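Subject: Structure handed over for your review

Dear colleague,

Please find below the structure that I am passing on to you. My findings follow it, arranged by region.

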Amino acid sequence: MSSPQYSSSADAEAKWLKNQIIPELVKNGKIRNKDDTAMDVDKFQVTDISVEFIGAQEAFMLTQCYRARIAYEYKGAAEELKLFVKKTPPMPQEIFDAVSFKALFSNEILAYEKIIPNLEAFAGINFNTARFFFGHLQGNSAIVITEDFGSKGWQIAKARYNLSLDHTLLAMKYLARLHAVGFALLHKDKQAFQALTKDLQESRYGSDDIHYRWALTLRYGLERAVKSVKEFQRNVPQEFLEKLKNLLMKPMRYGRELVRPKEPFVTLCHGDYLRNNVAYKYDAGKPIDIMMFDLQTLRVSSPMLDLTIFLALSTLAEVRQKYFKDIFGTYCQQLKEGYEKFAQRPLPGFLSYESLIKEYIAFLPHSILTTSTFLLDLVSPRGLSSEEMLNAEATDEEIFEEIMFKGGELVDRELAHQVSELYDLSMEHNVDVFSV
């Protein structure tokens, strides 16, 4: 198959799908008949293709994404297929490398083709991930095509960052099951777990050399967090804030050391588990099931990496702080039940509530740093395409203004809450978060 080419034109994308992608997917059996049998490509005819690009108002993305509806006929019968296409936009090689697109897309293809199917087979469960059709990676371009899960009734939550308690509890149950399967496989067959995950690449913290604009963004985000605490959460001592600043002053080195697998807290993690990367099914407006997608950041690490990121970016203090014991307790109970079912042995002591909450606290500085640079875009979307975002040439002053003030008081108060929660929990449970 010829390499995929990027286009911002719906007509050009439809032509590319019709002439290159669809025939190849039929030929290699990825697109199959209703009875799950292979189809004869000579008897397969595309009758119509429509393309709908996904904008920044729906989700924050560094890739170009669109939904494609393919109408076709096979042996005289009219059928329909709905796909989700994700591509990297055109960009300089240095930006492609700085964003780690090679690692991100390599991980996602590996996750769909190998990791998730093997975990499901081991545990005898279904993670509800979208059906995978195609992946391609070369030079400074990459693509992944999956089933459009929206066609199966899945929906991204309408709230971009302040999910309800019902949404949050469902997300915790799913997350606990994912982690439980990883722990169970590791403890039953360490060699199999390692073979399954050994090709995952570092997608976030591969080097201390980061793009100048991103370095400024992280620095100003930290400044905003500290400034917000001084204004809205004056219970946090200045000495604690200074230590937090020192801890996060070299974010890449800090992040790399934090997420490095350390026994005994080693399992498979989504790596970027938040509202943007999960979808729900609803019944009378109430969420009743959940799935995860965007598997580019899959990694072997502590389960608290996922839990802290979700609570920091997908909930506000009014839910996270008020119902924390219910939320964390739900996760721990589901982890226990899942582990004991899949591993067929009692839950080890290090996965107890008290042990896990100490691990949770240790990961909070990382989630605070992430919140300081990402929540503002959830609260006030930029409205830029991925191509515009990646190729933007903002001045230092423009970066400062955006990171320090975008999202307004809501972001300031939330950052202050998260630092205050870190301080209170670390004092309550006697956890030194500065010893990483």
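**Helix α6 and the other helices**

The buried residues of helix α6 are Arg 213, Leu 216, Thr 217, Leu 218, Tyr 220, Gly 221, Leu 222, Arg 224, Ala 225, Val 226, Ser 228 and Val 229. Please note that this is a predicted model.

Helix α4, made up of the 24 residues 165-188, reaches 34 Å from its first C-alpha to its last, close to the 34 Å expected at 1.5 Å a residue. Of these 24 residues, 17 are buried, and α4 is therefore largely enclosed by the rest of the structure.

**Confidence**

The average pLDDT of the protein chain is 93, and 95% of the residues score at least 70. Over residues 1-6, however, pLDDT stays under 50; for this stretch the model has 21 contacts beyond four places in sequence. Where pLDDT is low, the predicted coordinates should not be read in detail.

**The five-stranded sheet**

An open sheet is formed by five strands in the order β1-β2-β3-β5-β4, with antiparallel pairing. Its edge strands are β1 (44-53) and β4 (132-138), each of which pairs on one side only. On average, neighbouring strands of this sheet are turned by 20° against each other, direction ignored.

The individual pairings are as follows. Eleven bridges connect strand β2 (residues 64-74) with strand β3 (residues 77-87) in the antiparallel sense. The hairpin of β2 and β3 has two residues between the strands, and Lys 75 takes a positive phi near 55° there. Leu 83 in β3 stands opposite Ala 68, and in β5 the bridge partner of Leu 83 is Glu 147. Strand β5 (residues 141-147) runs antiparallel to β3 and is joined to it by five bridges. Between β4 and β5 there are six bridges, again in an antiparallel arrangement; here Gly 135 stands opposite Val 144 in β5.

Which helices lie across strands of this sheet? Helix α1 (residues 10-27) lies across β1, β2, β3, β4 and β5, and runs at about 135° to β1. Helix α3 (residues 101-123) lies across β3, β4 and β5, at about 150° to β4.

**The annotated region**

UniProt, in an unreviewed entry, places the feature "domain: CHK kinase-like" at residues 144-341. In the model, this span is 54% helix and 12% strand, and its end C-alpha atoms lie 33 Å apart.

**Backbone points to inspect**

Most residues other than glycine have a negative phi, and most peptide bonds are trans. The following places depart from that pattern.

- Asp 36 has a positive phi, near 65°. This residue is found in the loop between α1 and β1, and it is exposed, with a relative accessible area of 51%.
- Asp 294 also has a positive phi, of about 50°. Asp 294 belongs to the loop between β8 (286-292) and β9 (299-301) and counts as partly exposed, at 21% relative accessibility.
- The peptide bond from Glu 263 to Pro 264 is cis, with omega near 5°. Pro 264 is placed in the loop between α8 (251-259) and β6 (267-269).

With kind regards

Conventions
Residues are numbered from 1 along each chain as its sequence is written. This is a predicted model: local features need pLDDT of at least 70, side-chain atom pairs count only at pLDDT 80 or more; totals for chains, interfaces and linings use all residues. Side-chain values use heavy atoms; hydrogens and water are left out. Two strands pair if DSSP finds at least two bridges between them. Helices (H or I, at least four residues) and strands (E, at least two) are DSSP runs, numbered from the N terminus. pLDDT is the predictor's confidence in each residue, from 0 to 100. Contact means heavy atoms within 4.5 Å. Axes are lines fitted to C-alpha atoms, for helices over the stretch in contact, and angles run from 0 to 180 degrees between N-to-C directions. Buried means under 20% relative accessible area, exposed over 50%, partly exposed in between (1.4 Å probe, protein chains only). UniProt positions are given in the numbering used here, feature names are shortened, and annotations may be inferred rather than shown by experiment. The expected span of a helix is 1.5 Å times one less than its number of residues.
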